[in-house]
Amino acid sequence: MPAPELGEAWRLAREPAPIRHLDAAAAARTSRTVIAAMTDYLLAETTTGAYIALEAAAETLTGGRAVLAGLLDPALTAADVAYHHSASDAFAALVEAWPLPRGARVGVVPSAFASNLLTLQARAVRDGLELVDLPVLADGLIDVDALARGDGPAALSELDLVTFPEVPSQRGTVQPTAAVAALCRDAGVPVLLDVAQSLGQIDVTAAGATGGIAAYVGTSRKWLCGPRGAGFLAVRPEFVDRLAAPSPSGYNSGWQPRQDGRAGGQGGAGPAGTAGTRPSALTDGRIVPAAGMTRFHLGEAPVAAQVGFAAALAELAAAGPALVRERLHALGAAARRRLDGVAGWRIGEDVATPTAIVTLLPPPGLDPAVVRSRLYAEHGVLTTAIGADRARDAVPALRVSPHVYNTLAEVDHLAEALAQVSRQP
Ligand SMILES: *Cc1c(COP(=O)(O)O)cnc(C)c1O
């Protein structure tokens, strides 16, 4: 197993846990440093004043955004990244802000996270958009050759936006993101990439460097080991001014009255309130988004969670993201080799796929949700049951997702527990 010192250091940096936590893809374990950063911040809010505490944390928060920029795309800096509540909320904000005229066509994939798809469906119904599936292979990965040939309803020449998760929630596969991004760049189609499961596990900069990804969304609590309640979005600087303010408020937008002297209605004459058909002076104008990423500013937000997220990102940067990825990939491969075939469970992806998301497809008669509960209650092993509602191409499975702080002994423990639970239904 590569980087054993890193694994040991991250294990020691966390509270001892009575359980075997093999569930980073749901929410990884936070370090004591991350927890202390959050509690220190909450104390500062009550002892020094909440807005003074925010000013004092500005450098930390900017540092976190700089780490995210560096992990995503060589064209990005801290100024191109904004914190948000979650990957889903960041996705919804971007979809709302995106310039998509009636009739616009959006390329999606069957593995898209169900919440993101619902966001797109809501806007499609409201604004008359069309959602079309990109061509995919049997394992759900985008068929790059078919996409390059450009035939069928998902021809890139016919699309206005392409969006997909680089790594889906329900399977440990990795999309050929750089190849897809290069094709989209050449076709002039912006890509909105969901890196909620890939950032931390995958070198996203390989796709970012193509220049084909216009925007990214992700979350704190999974592979980046931050707390819950924080996420982020990032937009390439040459693209951001094409986006609207997704939820206009005093924190992210301004109001510009019509400048031609006609404010108050046609002709501008007549006392206010007498002409019901005339636009009022209060509505005759337009929303002006604040500059750059400020148009996504939330106003009130759980700053402590953002501070904790920034602390986790600093730890990742200090450990070396490449080393973290190397150990994650080795843990994933070792776990698949150990778990494949146990009591009839089969792995749901290639052994060597470069992620630490391991899915196990049940033998006949076993329900992953029941097995997941029994593994926790009877053997103290934390995993996730994937249901068919997670994505259009999801099938019921048990998801096992170790992080660098896990050991192969914990995977062994799971293998034995899984064998026992499966044999005594
Ligand atoms: C978890 C996940 C999300 C949503 O992240 P939240 O922060 O929970 O909103 C989006 N996409 C994928 C692929 C995910 O796994």
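Helix H5 gives the largest share of the lining of the largest pocket, 4 residues. Helices (H or I, at least four residues) and strands (E, at least two) are DSSP runs, numbered from the N terminus. The model is predicted, so local features need pLDDT of at least 70 and side-chain atom pairs count only at pLDDT 80 or more, while totals for chains, interfaces and linings use all residues. Residues are numbered from 1 along each chain as its sequence is written, and side-chain values use heavy atoms, with hydrogens and water left out.

The predictor's confidence in each residue is given as pLDDT, from 0 to 100. The protein chain has a mean pLDDT of 95. A value of 70 or more is reached by 96% of its residues. Residues 263–273 stay under 50. For this stretch the model has 16 contacts beyond four places in sequence. Contact means heavy atoms within 4.5 Å.

The largest pocket has a volume of about 680 Å³. It is lined by 24 residues, of which Leu54, Leu61, His297, Gly299 and Gln306 are the closest to its centre. Two or more lining residues come from each of helix H3 (32–48), helix H4 (50–56), helix H5 (58–72), strand E2 (81–84) and helix H11 (303–319). The lining divides into 16 nonpolar, 5 polar and 3 charged residues. Here Ala, Val, Leu, Ile, Met, Phe, Trp, Tyr, Cys and Pro count as nonpolar, Asp, Glu, Lys and Arg as charged, and the others, Gly among them, as polar.

Pockets and cavities were found on a 1 Å grid over the protein atoms alone. A pocket is an open set of points with protein on both sides within 12 Å along at least five of seven lines. A cavity is a set of points where a 1.4 Å probe fits but cannot get out. Lining residues have an atom within 4 Å of a point. Grid points are joined across faces, edges and corners, and a volume is the space filled by probe spheres set on the points.

The structure holds 1 cavity of 30 Å³ or more. The largest cavity has a volume of about 60 Å³. Its lining includes Phe91, Val108, Phe113, Leu117, Leu120, Phe164 and Asp194. Helix H7 (114–127) and strand E5 (161–165) each give two or more residues to this lining. By class, the lining of the largest cavity holds 8 nonpolar, 2 polar and 1 charged residue.

Two strands pair if DSSP finds at least two bridges between them. E2 and E8 run antiparallel and are joined by 4 bridges. Histidine 84 has glycine 231 of E8 as its bridge partner. Strand E7 (residues 213–219) is also antiparallel to E8, with 5 bridges between them. Tyrosine 216 stands opposite alanine 234 in E8. E8 itself (residues 231–235) is mostly covered, with 5 of its 5 residues buried. Buried means under 20% relative accessible area, exposed over 50%, and partly exposed in between (1.4 Å probe, protein chains only). Gly231, Leu233 and Val235 point one way from E8, and Phe232 and Ala234 point the other way.

Cysteine 225 lies in the loop between E7 and E8. Its phi is near 60°, a positive value in a residue other than glycine. Cysteine 225 is buried because its relative accessible area is 3%. Alanine 343 also has a positive phi, near 50°. Alanine 343 sits in the loop between helix H12 (321–339) and strand E11 (346–347). Its relative accessibility is 23%, so alanine 343 counts as partly exposed.

Valine 95 belongs to helix H6 (residues 87–97). It counts as buried because its relative accessibility is 3%. Beyond four places in sequence, valine 95 touches Thr119, Leu120, Arg123 and Leu192. Valine 95 and threonine 119 are 24 residues apart in sequence, and their C-alpha atoms are 7.6 Å apart. Leu120 is also one of the residues that line the largest cavity.

Glycine 380 is found in the loop between helix H13 (368–379) and strand E13 (381–382). With 16% relative accessibility, glycine 380 counts as buried. Neighbours within four places aside, glycine 380 is in contact with Ile19, Arg20 and Leu375. Glycine 380 and alanine 322 are 58 residues apart along the chain, and their C-alpha atoms are separated by 31 Å.
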